[in-house]
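Please open the model in a viewer and keep the selection tool at hand.

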Amino acid sequence: MNITINTTEDCDMRCKYCYEINKRNRSIDFDKCKKFIDLLLSDENYLDYGADEFTKDIWKQGLIIDFIGGDALMNVDICDKTLTYLVYKLNTTKTERAKIWRNSWRCSISSNGTLLGDPKVRTFLEKWQDNISLGISIDGCPEIHDKNRIMA
């Protein structure tokens, strides 16, 4: 099961090809992230709603929580709070999903990589290193990369 949380609309770059125009300094509220996790871990059977026989039990294979944004690492505090809450709820909720996902979850983040030197980002990545997959986008050789990637 792959779920996606758009942590922020903001980005520190203005890449020429980006489809996200009119970027705003707007982020998701942590209470919405908590409600989303609570819903995921509830006893409701909505995960199977409309699914065929092949896909209806796919959630039993694990959970991937995917943080996206402009650049999700611009809102690293929300990512950290959400993962902390997720782990807490996985270990205190008695639903079948919580029991399965307790030892079968990962976090995925896509980033342009410009914030990897930020101490808060480094602390976050080190804290969750056993459960995190970090994708860094690169546009080829330095000349092409630098031509298309423009700092805000």
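Among contacts (heavy atoms within 4.5 Å) in the chain between residues at least 6 apart in sequence, 74% join residues at least 24 apart. This is a predicted model, in which local features need pLDDT of at least 70 and side-chain atom pairs count only at pLDDT 80 or more, while totals for chains, interfaces and linings use all residues. Residues are numbered from 1 along each chain as its sequence is written, and side-chain values use heavy atoms, leaving out hydrogens and water.

Colour next by secondary structure: the order from the N terminus is β-α-β-α-α-β-α-β-α. Helices (H or I, at least four residues) and strands (E, at least two) are DSSP runs, numbered from the N terminus.

Select helix H1 (residues 30-40) and helix H2 (residues 76-92), whose axes are 10 Å apart at an angle of about 30 degrees. H1 is therefore roughly parallel to H2, a term for angles under 35 degrees. The axes are lines fitted to C-alpha atoms over the stretch in contact, with angles from 0 to 180 degrees between N-to-C directions.

Show side chains: Phe30, Cys33, Lys34, Ile37 and Asp38 of H1 meet H2 residues including Tyr85 and Leu86.

Now select Phe30, Cys33, Ile37 and Leu40, which are buried in H1 (under 20% relative accessible area, with exposed over 50% and partly exposed in between; 1.4 Å probe, protein chains only). Because they cover an arc of only 80 degrees around the axis, they lie on the same side of H1; the arc is that of the directions from the helix axis to the C-beta atoms. Lys32 and Lys35 are exposed on the other side of H1.

Terms used: Parallel < 35°, antiparallel > 145°, perpendicular 65-115°, else oblique.
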